[in-house]
Amino acid sequence: MESRSVEAEIATATAAIVARLKPLEGPLLPILHEVQETFGHVPQQALPVIADGLNLSRAEVHGVVSFYHDYRDAPAGRHVIKVCRAEACQSMGGDDLADRLLGLLGLDWHETSSDGSVTIEPVYCLGLCACAPAAMVDGEVIGRLDAAGVNELAKAVRA
């Protein structure tokens, strides 16, 4: 019974978001952003509600959700680390630092720790090429990341 009430809550909240944002030109992305902001991810139960509200197929909505890496199908950890994987950061040792961070956290890309403390994601440019290698932690950018910084970062997000 509890899962039905959760599904009903997701459907009701999603329908309200769709109704409010549907008049926008190109409403799908703003709707998905707000659904993710509301639930911490885009629940599968929200997809048919969005599709019906916008007269799209569920496959079309799923295609957009799966295409953009910022949309999650499960809640993220309390801390979200985004590590730049673009060429400038790679050329400044970013690959080794990324591998070190993954090892320290015991995670792979797009994973969330079992305790829910951290999620790690690759991104392909944070716009800090002159300060490479770079990362973003909970929306705050970090440039000129080095081994000591990676160690501190891993320790901070696990605290």
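In this predicted model, the side chains of Lys 82 and Glu 121 meet in a salt bridge, with an N to O distance of 4.0 Å. The pair links distant parts of the chain, since Lys 82 belongs to strand 1 and Glu 121 to strand 3 (residues 118-123), 39 residues apart. Both Lys 82 and Glu 121 are buried; for Lys 82 the relative accessibility is 16%, and because buried means under 20% relative accessible area, the lysine falls in that class.

Lys 82 also takes part in a salt bridge with Asp 70, for which the N to O distance is 3.1 Å. Here, too, distant parts of the chain are linked, with Lys 82 in strand 1 and Asp 70 in the loop between helix 4 and strand 1, twelve residues apart. Asp 70, at 44% relative accessibility, counts as partly exposed, whereas Lys 82 counts as buried. Together with Arg 72, the residues Asp 70, Lys 82 and Glu 121 are linked in a network of salt bridges.

The structure holds six salt bridges, one of which is formed between Arg 20 and Glu 34, whose closest N and O atoms are 2.0 Å apart. Arg 20 lies in helix 1 (residues 2-21) and Glu 34 in helix 2, so that this pair ties together parts that are 14 residues apart in sequence.

Helix 2, which comprises the twelve residues 28-39, reaches 16 Å from its first C-alpha to its last, close to the 16 Å expected at 1.5 Å a residue. Within helix 2, the residues Leu 28, Ile 31, Leu 32, Val 35 and Gln 36 are buried. When helix 2 is seen down its axis, these buried residues fall within an arc of 130°, and they therefore line one face of the helix. In general, an α-helix has 3.6 residues a turn, so residues three or four places apart point the same way. Just after helix 2, Gly 40 takes a positive phi of about 85°.

A nonpolar surface patch of about 310 Å² is made by Leu 29, Phe 67 and Tyr 68. Of these residues, Tyr 68 lies in the loop between helix 4 (58-67) and strand 1 (79-84), and its relative accessible area of 38% makes Tyr 68 partly exposed.

Terms used
Residues numbered from 1 in each chain as written. Predicted model: local features only at pLDDT ≥ 70, side-chain atom pairs only at ≥ 80, totals over all residues. Heavy atoms only, no water. Patch = residues over 30% accessible without salt bridge, like charges linked within 9 Å, V, L, I, M, F, W, Y side chains within 5 Å. Areas by Shrake-Rupley, 256 points an atom, 1.4 Å probe, with all protein chains shown as cover. Helix = DSSP H or I, 4+ residues; strand = E, 2+ residues; numbered from the N terminus. Buried < 20%, exposed > 50% of the residue type's maximum accessible area, 1.4 Å probe, protein only. Expected span 1.5 Å × (residues − 1). Arc of directions from axis to C-beta.
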